Amino acid sequence: MAGLIERWRTSARYAGATDPAAVDAAGNELVERWREPHRHYHTIEHLTAVLDVVDRYASTASRPDLVRLAAWCHDAVYDPRAPGDRNERDSAALAGTLLARAGLPAAEVAEVRRLILLTAGHLVDPADTDGALLCDADLAILAAPPPGYDRYAAAIRREYAHVPPTDYRAGRTQVLSALLALPALFQI
């Protein structure tokens, strides 16, 4: 976990955070959120995978450290029972609070919030390289080899265990159909 927290500190510092104690407190809170027991896919492993993709393609972004901060916060609030884009809106609000407290300038806080909100539908203007990188990183599991994708699908089903099978299949079909209807699933 120490290496992961150091990745958070480094991104926050390079993005302009000025309060090291608040940065550490925020990083610890985020780690605890990503480790909540009801999560089966939206876990530390997903966070790490998203950060790894962001790092791999950081040269495509104009503000890679803001993309990293958005990655850290994009599913920080995750309740499978929440309606619509509630998790993304709540995650963006949490990011705003944590990052402002850490001394990140207001414009950077606003950009991180904007990036997080893009993950609600993954519809990104092709000229938005930061948004494209975050959304591509978030959806990278969809391009995984079959065994990885199968583990993802099973973990998502566990997160939605409260949904009856017929309703779950209809909901997953709707989610995947919406992604396939995007102008491009991946942009980077």
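In which helix does R172 lie? R172 belongs to helix α9, which covers residues 165-180. The model is predicted.

## Fold and dimensions

The chain contains 9 helices and 0 strands. Read from the N terminus, its elements follow the order α-α-α-α-α-α-α-α-α.

A compact globule of 188 residues would have a radius of gyration near 16 Å, and the chain agrees with this because its own value is 16 Å. The C-alpha trace spans about 50 × 35 × 30 Å along the principal axes of the chain.

## Packing and surface

Of the 188 residues in the chain, 45% are buried. Among contacts with a separation of 6 or more, 67% come from residues 24 or more positions apart.

The chain has an accessible surface of about 9,200 Å². Carbon and sulfur atoms account for 57% of that surface.

## Charges

The chain carries 20 positive and 25 negative charges. The mean position of the positive charges and that of the negative charges are 4 Å apart.

R172, in helix α9, is buried but has no salt bridge. The nearest side chain of opposite charge is that of E159, at 8.0 Å. A salt bridge requires a side-chain nitrogen of Lys or Arg within 4 Å of a carboxyl oxygen of Asp or Glu.

Which residues does R172 contact when its neighbours within four places in sequence are left aside? The contacts of R172 are then with Y152 and I156.

Methods:
Residues numbered from 1 in each chain as written. Predicted model: local features only at pLDDT ≥ 70, side-chain atom pairs only at ≥ 80, totals over all residues. Heavy atoms only, no water. Helix = DSSP H or I, 4+ residues; strand = E, 2+ residues; numbered from the N terminus. Rg over C-alpha atoms; globule rule 2.2 N^0.38 Å. Buried < 20%, exposed > 50% of the residue type's maximum accessible area, 1.4 Å probe, protein only. Contact = heavy atoms within 4.5 Å. Areas by Shrake-Rupley, 256 points an atom, 1.4 Å probe, with all protein chains shown as cover. Lys, Arg positive; Asp, Glu negative; His and termini not counted. Charge placed at Lys NZ, Arg CZ, Asp CG, Glu CD.
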